[in-house]
Structures are given as structure tokens and as C-alpha cells.
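Let's take a walk through this structure, one region at a time. Keep the viewer open and follow along.

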Amino acid sequence: MSTMSIAVARRIALAAQGFADARPDVATRRHLRRVLSRTRLLQLDSVNVAVRAHYAPLFSRLGAYDRTLIDEAAWTHSARKPRLLVETWAHEASLIPVEDWPLLRSGAKRAGWWRNYARLAGKSPGLVDDILAVVKEDGPIGAGGIERAVVGESKRTPGPWWDRSEVKKVCEWLFGMGQLTTGTRRQFERLYDLTERVVPAKILARRVSPEEGARELITRSVAALGVATEPDLRDYYRLGPDVSHQAVAELVESGVLEPVRVRTWRSPAYRFSGARVPRKVTGRALLCPFDPLIWERARTERLFDFRYRIEIYVPEAKREYGYYVFPFLLDGELVARVDLKADREAGVLRVQGAFAEPEVDETRVAAELAAELRLMAGWLSLDGVRVGERGDLAAKLRRA
């Protein structure tokens, strides 16, 4: 078993996530495909204090790209531009490449929180039928529209009128089961549609066993992470431990995974057989809390010696760094963090707190961070950046 330093592991991880690739002058659909070939998915989240989570990883890797690239790839379809992405439960609710749909439906992945609604669906088959009928006739349609059709203007004659909360729960269950997905979004509201009208028939027809699905998902995980522990690999698609352990053992035997030791890591690690090892990683990036490079907080600490927690649900008085904090990546190191808010009414990107990591060149970090914040402000159609008082980096950043 080979041994690698943490610096080598870090460079492998950054290259796997696309941070060793140069940003293009103008990002195109081809560049979007390249990023997706690295990350494999984009996590969705409802928080919009700075920018929606699924847009941010592309900005981190491509710079100020046109966000309609993702909108068209995920929520529109035409003969000239076929749909590239589809929504399902992966890491969390995520956009995944359309061709990966059968892997997430193979039975390899554990059911999510929505499994708790299976009993409701089981005892109310008429409600399931009503919802599917409404979506078939009126979709893509939001949960509110489904509720009105099923509860207030029931097409079942005669039949019961269902409770609104029950309708929403069964919609989530059908989404989790893969019978419904997102046809499109309207101001981020999910509009449900029948999966067969969103995912091409050829892809829907592919049958994958749970064992094959697990191997394929772990392969995608290790390709996206570069080098990782088994729990890291399992977490990428939220697989169960038994399924993951078996898939890892089979992939080691087939040569897809190479067991390695990373100095300072307590657990065994695995390296992707096709992983790149760049001599150095340069450049800068702001990372949203749901970026796949850092979403597994224990791995982030092991890899970058950077303790990071999201503090959205922490009472304001007890927050250490802020509500929605972006770590700042510079030349392969996490060197600072900023609490960001897009103040759309005032037309500015607000830095509500700025904090440097120990032993960094704060003057250089501030200059590079200022440039990236200006780029982000322009990308979000904001007129400028305003830096507040909080944090040991705030004064230098304000001057920069």
C-alpha cells in the first residue's frame, strides 16, 4: 500500500473537483458538461441569501458564467438542446446527469426522509391516483396547483376530498419513489411532472441491479473526490454502509480503487485509478456551503485543516462566523471565510464578516478575495461590494 502526504491528497482532490482546470473566457454548454463530469451532481437548496446553491459551484469553477446554462440544462428540453440534468434525491435533493437516473433508482441508495409517507400512500391509493391524474393532465404543475385540483376541485366524482398537507406529503413520496420529478421550475418553485415525460424512454428502460448501481455510484464518488475514505465515498450519494463496503471491496478487486494511506488520516483511504496529480493548484474560488468539495465537514477538516460548520440554524448571538459563510480557496488552500448576503434592494454584495485563517498573508488574501468578490457582485448583477466591521480580515478587505 502506497503512502501519500496530505499535500498530495489535497491536490488530487482539487483536481478531481475541477479546480486544476483554467477558467474559460466565456463559459459554454461544453464547459458545463466538463464541470458535471467532475462533480457529477449539483445540490439544490432553498436558501437564497447570496445565490442559490446549485448555481454557485459553477461560478467557483468557471467564473462569471450565464446562469441560464444550468436553467436550460435542467428545466428545458428541445431537439437542439436536450435536457442534461434531472432532479432526484442523490446527496440531498440534487441535479444529476440524466444518464445517471437508473443508478439512483437501482435500489442501491437508501430511501430518504420521504419514506415516512409510504404508509399514507399505502392507505390512500385513491389520493395517489388523483395526484398522478392531475399531473398527467396539467403538469408541469406546482404542489399548490395539485392541492387545489385534488382538494378543492376534486376530479373524483364521487370521492373524498383530501387534506392539503396529505397531498403535499404524497407528492414528496412520489418524487422520492421516482414516479414524479421536476418538469421545470418557476422562481425556484418545483413544478412536478411524470418522470416518463422528463427522462428519455431509453434511459428509463435501463435496468440496473442494486449491486451494479452501488459500484457505479461509488465509482462516480471516487472520481469526484480523487482520494477518500470509505465513509467519504458513501456520503457522496448517501449510500448505506453495508452496500458501500461491498462495492468498495469489489472495486478494489477490479482495480478501480487503489487502497492508500494518507498521512495524518486515521482511516484507510482509496485513490481513484484515473486520478490526476497536478504539481500545483493555483487560482481562487469562493465556495458555497453546499459545494461538493466541502459539504462533508469532517473531510474538509482532514483535507484542509479547516473547521467549517454551517450556522444557519444557530441563534444569531451564538454564531461564530455568520449565517451563510463562503470559504475562500486560494492556490489550493482554504485561507479565509466570508459571510455573504446579496442585498438586491441596495444593489450590493454585503460582506457581513471576513475572517482569515492563521498564518496567511492577509494583505495578499484580502487583495485576491476583493477581486473575487467584485467578480461575484457583477455576476449577480449587483453594483458593488460593501464590507462590514466583523472579523479580523474586514479592515484589510475593506481597503482592498
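## Starting at a cysteine

Which residues does Cys-288 touch, not counting residues up to four places away in sequence? The ones to pick out are Ala-53, Ala-56, Ile-294 and Phe-326. Bear in mind that this is a predicted model. Cys-288 sits in the loop between strand S11 (284–286) and helix H14, and at 1% relative accessibility it counts as buried.

Now look at Ile-310, in the loop between helix H14 (297–304) and strand S12. Ile-310 is partly exposed, with a relative accessible area of 28%. Leaving aside neighbours within four places in sequence, Ile-310 is in contact with Pro-289, Phe-290 and Arg-297. Its C-alpha atom is separated by 9.5 Å from that of Phe-326, a residue 16 places away along the chain.

## How the chain is divided

The chain splits into domain 1 (2–106 + 208–272), domain 2 (113–204) and domain 3 (309–399). Taken over C-alpha atoms, the centres of domain 1 and domain 3 are 26 Å apart. Their contact draws 17 residues from domain 1 and 16 residues from domain 3.

## The largest nonpolar core

Which members of the largest nonpolar core touch the most other members? Out of its 57 residues, they are Tyr-65, Tyr-324, Phe-326, Val-338, Leu-340, Met-376 and Leu-397. Several elements supply at least two residues each: helices H2 (29–39), H3 (56–62), H4 (68–75), H15 (362–379) and H16 (394–399), along with strands S12 (325–330), S13 (333–343) and S14 (348–356). H15 gives the most, with eight residues. Domain 1 and domain 3 both give residues to this core, so it lies between them.

Leaving aside neighbours within four places in sequence, Leu-397 is in contact with Val-338, Val-351, Ala-354, Ala-366, Leu-369, Ala-370, Leu-373 and Val-387. Apart from this core lies another one, of 30 residues, including Leu-41, Ala-90, Ala-228 and Tyr-237.

## Two helix pairs

Two packed helices are described by the angle between their axes and the distance between the axes. For helix H11 (residues 210–225) and helix H13 (residues 241–254), the axes come within 9 Å and cross at roughly 75°, and the two helices are therefore roughly perpendicular to each other. On the H11 side, the contact is made by Glu-211, Ala-214, Arg-215, Ile-218 and Thr-219, while H13 brings Val-243, Ser-244, Gln-246, Ala-247, Val-248, Glu-250 and Leu-251. Sorted by class, that contact has six nonpolar, three polar and three charged residues.

The other pair is helix H1 (residues 6–16) with H14, packed at an angle of about 125° with axes 9 Å apart. H1 and H14 are therefore oblique to each other. Here Ile-6, Ala-9, Arg-10, Ala-13 and Leu-14 of H1 meet Arg-299, Arg-302, Leu-303 and Phe-304 of H14. By class, the H1 and H14 contact has six nonpolar, no polar and three charged residues.

## An enclosed helix

Is helix H8 (residues 143–152) largely enclosed or left open by the rest of the structure? Seven of its ten residues are buried, so H8 is largely enclosed. The buried ones to highlight are Ala-143, Gly-145, Ile-146, Glu-147, Ala-149, Val-150 and Val-151.

Most residues other than glycine have a negative phi, and most peptide bonds are trans. A few spots here go the other way. A cis peptide bond, with omega about 0°, joins Gly-139 and Pro-140. You'll find Pro-140 in the loop between helix H7 (125–138) and strand S5 (141–142).

Arg-40 is not a glycine, but has a positive phi of about 70°. Arg-40 is found in the loop between H2 and strand S2 (42–43), and is buried, with a relative accessible area of 15%. Phe-188 also has a positive phi, near 75°. The place to look for Phe-188 is the loop between strand S6 (180–186) and strand S7 (189–194). At 19% relative accessibility, Phe-188 counts as buried, because the cut-off for buried is under 20%.

Technical notes
Residues numbered from 1 in each chain as written. Predicted model: local features only at pLDDT ≥ 70, side-chain atom pairs only at ≥ 80, totals over all residues. Heavy atoms only, no water. Core = buried A, V, L, I, M, F, W, Y, C linked by side-chain atoms within 4.5 Å. Buried < 20%, exposed > 50% of the residue type's maximum accessible area, 1.4 Å probe, protein only. Helix = DSSP H or I, 4+ residues; strand = E, 2+ residues; numbered from the N terminus. Domains from an automatic or database assignment. Contact = heavy atoms within 4.5 Å. Axes fitted to C-alpha atoms, helices over the stretch in contact; angles between N-to-C directions. Parallel < 35°, antiparallel > 145°, perpendicular 65-115°, else oblique. Nonpolar A, V, L, I, M, F, W, Y, C, P; charged D, E, K, R; others polar.
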